[in-house]
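Subject: Handing over the two-chain model

Hello,

I am passing on the structure that you asked about, and below it I have set out what I found. Please keep it open beside this message while you read.

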Amino acid sequence: MIEVKNVVKSFDGFKALDRLSITVPEGAIYGLVGPNGAGKSTIIRHITGIYRQDEGEVLVNGQPVFENPAIKKDLAYIPDDVFFFTQSTIKDMMKFYKGVCPNFSTERFEKLRRAFDLNDNTKMRALSKGMQKQAAFWLTVSMCPKVLVLDEPVDGLDPVMRRQVWSILMADVAEHGTTVLVSSHNLRELEDVCDHVGILNRGKLLLERNLSDLQDNIAKVQLALPDERALPSDLQILHHSSTGRLQTIIVRGKAEEITNKLATCEPLFMDVVPLSLEEIFIYELGGEHYEVKDIIL
Amino acid sequence: MKSKTSFFNHTLFSGLLKRFWPIFAAYLVIWLIILPISLANILSYNSRIALEMSDPTAFVVAAARPIMYAGLYGGVVMSGIFAAMIAMAAFSYLYNARSVSMICSLPIKREGVFLSVFSSGLAGLFALNLVTFLIALGVTAAYGIVGASIGYLLQWLAFVCLTNLFFFGFAVLCASFTGHILVLPIVYVVLNFTAYVVEALIRMVGSMFIYGISSSSSYSFIGLSPVAYLFSETHIDNVTVVDAVGTYTTTGFTYNGWLALGIFAAVGLVFAGLAMLIIKHRRMETAGDVVAIRPLKPIFKYCLSVGCALVIGILIYTTVFNGTSGSYGLESMLYMLGFMLFGAFIGYFAAQMLLQKTLHVFSGRSWLGLGVTALVITALMFCGEFDVFGIERKLPDASKLDHVDVMCAGEYVRFEGPENIAAVIALQNDIISHKDANEANIGDFEAYVCYVEFNYTYKNEKTFSRSYSVYRDASSDLYTLNDIMNRPEAVEFRKMLAIPPSTSTIADAYLNYFDKETGSYVSYPLSSDQAYALYSTCVLPDMDDGYLGKVWLVTTDDYYSSVYDCTFNFSVQERLKDYSYASDYFYTTLTQNAERTNKWISDNLGLSFCTMGESKAILELQAGSAEEAKAIAEKNGSYIG
């Protein structure tokens, strides 16, 4: 379980994290999403014990993570931009991680060899960015972490390898109950793997929900109303657009409650369409002045 | 509950040695060349000489010398360079956000990472020192002097390991507060020399505007410049024996300065501890910054500003006014101040650009810091010019002095007698009181006579130095100085040579005189026997009687009528057991009053000399002008101005 409590972090006067609180339940796959500069990588570096917060607490399994090897031995991290020692091979890095991570499993490393089509005697710098990412997965999963923190994990991987990586992660979660915190801009993929989502903006958490609750709490409705009727005023509308008589609204609330309220307007036509995570992200942030702007060039 | 601290990780320890082996290999190869290979070559050469001379002690001494000097110079230079390189390698992870993320997310405390890589770097250096030691020991064994040379090799090993410890600790401290790998070596080099250079620059500026300040006297803060300090405080002493005739023979060497070196090594360890604390609390997001520790950022900014003020100020001043202006007075100070303020501006905003990583640093608030810096520099310059701190007026307390060294016109005399010390202080006081008259003569090369330096040494070994230009006719100072330089203690001091003159030690003896027959200067060679006879039976007694051994800063009528245009010169040399030489030099100007000396020369060499006045007249006639004649005489070591 990861708990971030009221964490504040400033860089030369700029507040990157502003009383941020996040809770990742044990065994959950938590998707951390947010616009560029929201503070995703910064909070991840706190959770992995790289940065020290100015205020607040960062706990993993109830203990502070910073400078705590007992916690960090069960925690593995794949950054956005992976680092390997210059001149090293995958085998060298395996020996390194084996020497510094007490949970590193050579057996697991050998088992995973089939999944990644990599020669472990190849120098890291000779590998492409995607192949380096694969190597990072190979080594990280071999550390048998109980908490896995991933920052843009599949960025640079081809579609087949993306599937391969996610399948390994899902199997690990299923088999060992690994807690996974994953930050990504690929919301389509997150939607498939995450069971919890947190949306971050300007160093603050906008919302944090179970994915199904999140999807249950927002609805996209297409409807056509009679000429004289208007939408009910008590609806929490996040987005409204219309094409002729056909109106599309994104409304916060349960789909059933929304349709009941709209039914009072006697719509000529009404349909509730499922909302993707990407749409939720866009419309939630739209309320925070981060929306797609109509710019005419 | 937090886990127990892990202070060491074997993988990190060995990883540094494996990944950066070329640095360690280079260190070893260079040491092998400096010590065992060089030693083998020297022993091979000297074994033949020793065989011829049947002198085993000389052979050991010949082996000991390169070992000891390799430790002294090689130890400081090699440790200084390689400590920085290894620190750069060991702590390179601090300078890149990606590597910081990787290392800091590992389940090892920062102290553990630090101690693992620090001990790895240090152990690598020590191990290679040991390898060099063992190979060198093998070389000495091959020549059968292992027993006699092991002591020197052990001294070498200890010396090098201690310098390793200091320089590595120092480099690691620099690594801890810098955030960029290229900044580390720059900071390391700058801090190694900064106190020395800054003091030199301040002295240079001070010597321009504070009357009496010398830019060449000994440095007070040299201890803060490790390389300079180690070279000045650690040296090799010859172990000598004196035989029945008083000849010194070197039988061995020993390092002097172990205490200083031991303190430096301890300071290196303290630096390493400090570095560990800094890294433990370091904000890792500073990777890539010039200065990684927040409180050091303003220090860096103001130090760079003041440093640039000094360097750029002096550079522009000396370039613009090179040889065209005097170095004293309010007007010159104002020029210098203007150039220094320009330098401060450059340094201040350069620091701002480096710290903020942007060229847009000229915002309103930035100017406030520059304003304060400029104000401080201006205040200090005015204080110096108007002697607010009493630096110009300061005189030493005679009761606390051990001795004073006076240097002028190529002459050096040490006074230890209280009366003479008091006379020197009184002269300094007179010169200070004649500041205006002396400064009025600046640039007048006709009036200028010499530059006099007073270096006082207190009983507690502290020093105090002042130096002044002395001018003819500006005051009575020149006459007082002339009198002091000819006091009996001064004449006595000129008799003391490092090597006692004898027929076996005197070399290159000659009389240099103006030959009125040919109208030119002649060098008349003397044999060692002749020179020793002249020196011991005539010159020394004449010096004791006050007829010889004097110098003439003032050219009175008496000078032209009673001083011969002739000097008696010889050098004394002694070949040491290790085939090197020690030497010293004696000379005196002959006078008409030195009858014993003149008679010996006349009787044994058949030479007679003309006075300064005679040679001046002849030379002026020949050359056509007094200036030309003076130049010819000076070229030959004579003064007829």
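What follows goes from the whole chains down to single residues.

This is a predicted model, in which local features need pLDDT of at least 70 and side-chain atom pairs count only at pLDDT 80 or more, while totals for chains, interfaces and linings use all residues. Residues are numbered from 1 along each chain as its sequence is written, and chains are lettered from A and ligands numbered from 1 in the order in which they are written.

**The two chains**

Chain A has 10 helices and 14 strands, where helices (H or I, at least four residues) and strands (E, at least two) are DSSP runs numbered from the N terminus. Its C-alpha atoms fill a box of roughly 75 × 45 × 40 Å along the principal axes. Of the 297 residues in chain A, 38% are buried; a residue is called buried if 20 or more other C-beta atoms lie within 10 Å of its own, exposed if 12 or fewer, and partly exposed in between, with C-beta atoms placed from the backbone.

Chain B has 21 helices and 10 strands, and its C-alpha trace spans about 100 × 75 × 45 Å along its principal axes. Here 39% of the 641 residues count as buried.

The chains also meet: 23 residues of chain A are in contact with 24 residues of chain B, a contact being two residues whose C-beta atoms, placed from the backbone, lie within 7 Å. On the chain A side, the elements that give two or more residues are helix 2 (69–72) and helix 3 (90–100). By class, that side has 12 nonpolar, 6 polar and 5 charged residues, where Ala, Val, Leu, Ile, Met, Phe, Trp, Tyr, Cys and Pro count as nonpolar, Asp, Glu, Lys and Arg as charged, and the others, Gly among them, as polar.

**Domains**

Chain A is divided into domain 1 (2–212) and domain 2 (219–286), with bounds that come from an automatic or database domain assignment. The C-alpha centres of these two domains of chain A lie 37 Å apart, and 11 residues of domain 1 are in contact with 6 residues of domain 2. On the domain 1 side, helix 7 (187–193), strand 9 (196–201) and strand 10 (204–210) of chain A each supply at least two residues, and helix 7 of chain A has the largest share, with 4 residues. The residues of that side divide into 8 nonpolar, 1 polar and 2 charged.

Chain B is divided into domain 1 (10–286), domain 2 (296–385), domain 3 (398–492) and domain 4 (497–635). The C-alpha centres of domain 2 and domain 4 of chain B lie 53 Å apart.

**A sheet in chain A**

Chain A holds an open sheet of 4 strands in the order 12-13-11-14, with antiparallel pairing; two strands pair if DSSP finds at least two bridges between them. Strand 12 (236–243) and strand 14 (269–273) of chain A stand at the edges with a single partner strand each, so one side of each is left without a neighbour in the sheet. Strand 11 (residues 218–224) and strand 14 of chain A pair in the antiparallel sense over 5 bridges, and the bridge partner of A:Ala224 in strand 14 is A:Phe269. Helix 9 (residues 255–263) of chain A packs on the sheet, where it touches strand 11, strand 13 (246–252) and strand 14 of chain A.

In the loop between helix 9 and strand 14 of chain A is A:Glu266, whose phi is near 50°, a positive value in a residue other than glycine. A:Glu266 is exposed, with 10 other C-beta atoms within 10 Å.

**A helix in chain B**

Which residues of helix 21 (residues 626–635) of chain B are buried? They are B:Ala629, B:Ile632 and B:Ala633, and they lie on the same side of helix 21 of chain B because they cover an arc of only 95° around the axis, the arc being that of the directions from the helix axis to the C-beta atoms. The face turned away from the buried side of helix 21 of chain B carries the exposed residues B:Glu627, B:Glu634 and B:Lys635. What covers the buried residues includes helix 20 (612–623) of chain B.

With best wishes

Terms used: Axes fitted to C-alpha atoms, helices over the stretch in contact; angles between N-to-C directions.
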